[in-house]
Structure formats: C-alpha cells, structure tokens
Amino acid sequence: MTATAQAFGALHRGRAPAEPLVLPGPWDAASARVFEEAGFPALATPSAGVAASLGYADGAVPPREMFEAVGRIARAVSVPVSADVEDGYGLPARKLVGRLLDAGVVGCNLEDSWGRKDAAAPGTLKDPHEQADYLAAVRDVAGGELFVNARVDTYIRGVADLDETLRRARLYVEAGADCVYVIKAPVDVIPALRDGIEGPLNVVFLPGGPSPQELGSLGATRVTFGPGLLFRAMDALRGVAEGLR
C-alpha cells in the first residue's frame with residue numbers, strides 16, 4: 001500500500017466500541033478542506049452529494065465527471081480520501097482501479113445493485129457471485145493500493161432479509177473486500193451484522209437516529225453520512241438566502 005492507503009486501513013483497526021471511525025462526506029474541494037481543518041483523519045465522498053454539487057440526480061453523473069470531482073477533492077486535502085464510485089460504471093476492474101489511483105484516492109465504495117435510486121424505478125440487486133468476482137478482480141489489480149468497501153444494497157432494494165444480507169457480505173469479504181457497508185440497515189440488525197461479518201462494518205448515520213458513538217456501540221466500525229452533510233449545509237444556506245432576500 002501507499003503510505004496514505006496504509007494509514008487509511010489502519011484507522012479501521014483496534015477501535016473501541018463507542019469510538020467508530022467517523023468519515024465526513026465532502027462534495028467538493030471547499031467542503032473537504034473544512035472537514036480536514038476540523039481534524040478528521042480521513043474523508044469519504046458520497047456519490048449522491050457529489051452528484052448534487054455537479055447538478056445531477058443521484059446515479060446520473062457521467063463517470064468522467066465523477067472521477068474528476070473526486071480527484072479535485074483528493075488534491076485539496078492531505079488526509080486520505082475514499083471515493084464512492086457507485087457500481088463501478090461498468091468499467092473493467094483494471095480501468096476502474098487505474099482511474100481511482102489517478103484521482104489520488106485510497107479507497108472506494110462499490111455497490112451490488114444498479115439502476116435508478118428512486119421509488120419509481122428502484123433498481124435491481126446484482127447476482128452476488130458475479131459481484132464477488134468483480135470485487136476479487138478489483139482486489140487482484142489494486143493489490144494493497146485501495147481499501148475496498150463493498151456495499152450491500154439489500155435493504156434499499158426491497159430485500160429486507162438478514163440471511164441474504166449476510167450471505168452477500170461474506171461472499172464479498174472472501175473475495176477480498178476490506179469492509180462491508182450494509183446501507184440503511186435497520187438499527188436493530190446492526191449487532192447481528194457485526195456478529196456475522198468478519199472485518200470492519202460501515203453504517204450510515206441518518207438524521208433522527210443513533211449518534212455515531214451509539215452506532216459504534218451497536219457494532220459499527222466506521223460511520224459515514226451519504227449526502228446528509230450536504231443537505232444540512234444547503235438548509236443552512238437557504239436560511240442565509242432567505243435572510244438576504
């Protein structure tokens with residue numbers, strides 16, 4: 001691994017239960033610098049947040065623009081940056097890894113579904129064995145240069161099945177994933193996920209839900225925010241705009 005990839009991986013190990021790795025999600029270079037200046041040791045870009053900052057719907061950013069955006073974020077800070085690159089945009093593993101490394105990031109999220117991300121057309125889960133093969137290919141190409149966070153989309157694709165979620169997670173870990181991210185898993189299943197998955201567990205913070213520390217006590221190794229921090233910033237900006245008007 002590069003020095004920053006080593007440092008990023010080390011941040012996931014040996015954490016106390018109530019002290020998960022908290023990774024803010026910058027959507028541009030300016031927000032990344034704010035989070036770095038606040039003292040966070042690493043950052044994780046959210047694809048939905050980057051999409052909104054570029055004027056696209058979630059899942060609609062052309063790959064070239066996404067890699068350019070995460071590259072600007074990575075260049076703006078000195079801490080490690082992991083990038084959410086959705087399902088890999090259909091890129092072969094070698095090309096995907098090359099673009100990630102060229103962008104200067106040390107990790108990536110790869111999700112196991114495709115399609116739109118709204119209720120009208122909720123998308124489809126991928127075959128877990130095919131996804132595991134893809135993750136294994138990414139790991140083979142990247143070696144230790146990338147920290148791979150395998151996202152499991154069962155709960156956002158209408159498959160609220162703990163056994164299926166764990167089956168997918170285990171396949172991905174066996175394929176070489178460094179961390180598993182069961183997006184929007186119900187709070188009450190987090191302890192079962194922690195018990196059933198070998199390796200770090202990523203949990204997303206949702207407004208009104210448990211704090212990052214509480215999520216850590218339930219079993220989260222790391223906590224991310226999706227586009228939530230962008231939405232909070234936009235709410236604050238709307239207040240400023242109303243005051244100006």
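Biologist: Is Phe35 buried or exposed?

Modeller: This is a predicted model, in which local features need pLDDT of at least 70, side-chain atom pairs count only at pLDDT 80 or more, and totals for chains, interfaces and linings use all residues. Residues are numbered from 1 along each chain as its sequence is written, and side-chain values use heavy atoms, with hydrogens and water left out. Buried means under 20% relative accessible area, exposed over 50% and partly exposed in between, with a 1.4 Å probe and protein chains only. Phe35 has a relative accessible area of 13%, so Phe35 is buried.

Biologist: Which kind of aromatic pair do Trp27 and Phe35 form?

Modeller: Rings of Phe, Tyr and Trp (its six-membered ring) pair if their centres lie within 6.5 Å; planes under 30 degrees apart count as stacked, over 60 as edge-to-face and the rest as tilted. The centres of Trp27 and Phe35 are 6.3 Å apart and the planes are at 80°, so the pair is edge-to-face.

Biologist: What is the angle between the planes of Phe8 and Phe147?

Modeller: Both residues, Phe8 and Phe147, are buried. Their rings form an edge-to-face pair, 5.3 Å centre to centre, and the angle between the planes is 85°.

Biologist: Which residues have the most contacts inside the largest nonpolar core?

Modeller: A nonpolar core is a set of buried Ala, Val, Leu, Ile, Met, Phe, Trp, Tyr and Cys residues joined through side-chain atoms within 4.5 Å. The largest one has 62 residues, and those with the most contacts inside it are Val85, Leu96 and Leu100.
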